[in-house]
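Hello,

Here is the structure for you to look over. My notes on how its two parts meet follow below.

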Amino acid sequence: MISRRSLFGAFVALSVATTAAHAQTITLRSADIHPDGYPTVGAVKYFGQLLEQRTNGRIKVQVFPSQQLGQEKDTIDQTRFGVIDLNRINMAPFNNLIPETFVPALPFIFKSVVHMRAVMDGPIGDEILKAFEPHGLVALAFYDSGARSFYNSKRPINTPADMKGLKIRVQQSDLFIDLVKALGANATPMPAGEVYSAIQTGVVDGAENNWPSYDSFRHAEVAKFYSKTEHSMSPEVFVMSKISYDKLSPDDQKLIRQAAKDSVGKMRELWEAREKTSEAKVRAAGSQVNEVDKQAFIDAMKPVYDKYVTNPKLKDMVARIQATN
Ligand code: BDP
């Protein structure tokens, strides 16, 4: 027979357990400058769904798209200080902080998407992910970002000579400034959110990006000439604040890492579809697209390699990438 006391005891224990379970419900806030529906936002939401399923709802992810938490560079600091838990961001704004991150952004370092994935999915990719840790960030996964090409409001670019004198917006990365300078154009670093009006008002003549961003940022409306230089495949990276990560149990940390890895395939699926629809959309809306003399662009990039690939570690990494099939 159960005594009153033990019934009471059982009730208390249960409510404590419930309270404890409640107290342990964790919601992680994730930043993205892209709007809802963009592949990166979709991939992080998918990551959140996986986590929620695998923890029976104990860990949730709330994505703040459309620059709600700020431009990329601001969100880096907030993530390092633990104000934002997760951040999907391009590698370029990390270039000045973490030298390893400029390696996959180097002009023409990858021969193809297949080559890029082989490198980023393998040991070189892991080394680059690890390089974030001393900077207060746990880099969880790379996401595809296609190839970036130049576009502008003035003229088609066929050879580097056509770039001469153009004012081109770049991401806030010295590597990208030098890349544009090596082509004889003027580089203006600025956050993505300011580029549309900068082109519209003539502060810059153009920028460089992949099809989905050219479309999604509506740059196609103000810069009709899209020239397929495909000069950089600077990937996206999904990072977590080390402060937030360290608060989790080792088991939860493992779940986070695994769910991030498992979201890469989803990202690639969303990305491939979006590249096609964006390209078709901007072409139909009147963008003038042209192929370029690629070799001339590759040749013009030598000074960038000479300036950036200087120490033995980076030289070795570049050599290993070039040797990867
Ligand atoms: C897009 C990236 C985004 C960058 C943006 C840019 O997805 O993270 O911020 O380019 O050019 O392709 O700033």
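Buried area here is the accessible area (1.4 Å probe) that two parts lose on being put together, summed over both. Between domain 1 and domain 2 that comes to about 3,100 Å², with carbon and sulfur atoms giving 65%. Phe102, Pro107 and Phe108 supply 22% of what domain 1 buries against domain 2, more than any other three residues.

This is a predicted model: local features need pLDDT of at least 70, side-chain atom pairs count only at pLDDT 80 or more, and totals for chains, interfaces and linings use all residues. Residues are numbered from 1 along each chain as its sequence is written, and side-chain values use heavy atoms, with hydrogens and water left out.

The domains first. Domain 1 covers 4-144 + 235-274, and domain 2 covers 148-233 + 280-323. These bounds come from an automatic or database domain assignment. The C-alpha centres of the two domains lie 28 Å apart.

Now the contacts. 36 residues of domain 1 touch 37 residues of domain 2 (contact means heavy atoms within 4.5 Å). By class, the domain 1 side has 22 nonpolar, eight polar and six charged residues. Ala, Val, Leu, Ile, Met, Phe, Trp, Tyr, Cys and Pro count as nonpolar, Asp, Glu, Lys and Arg as charged, and the others, Gly among them, as polar.

Last, the charged pairs. Three salt bridges are found across the interface (a side-chain nitrogen of Lys or Arg within 4 Å of a carboxyl oxygen of Asp or Glu). Arg320 also forms a salt bridge with Glu127, their closest N and O atoms being 2.9 Å apart.

Best wishes
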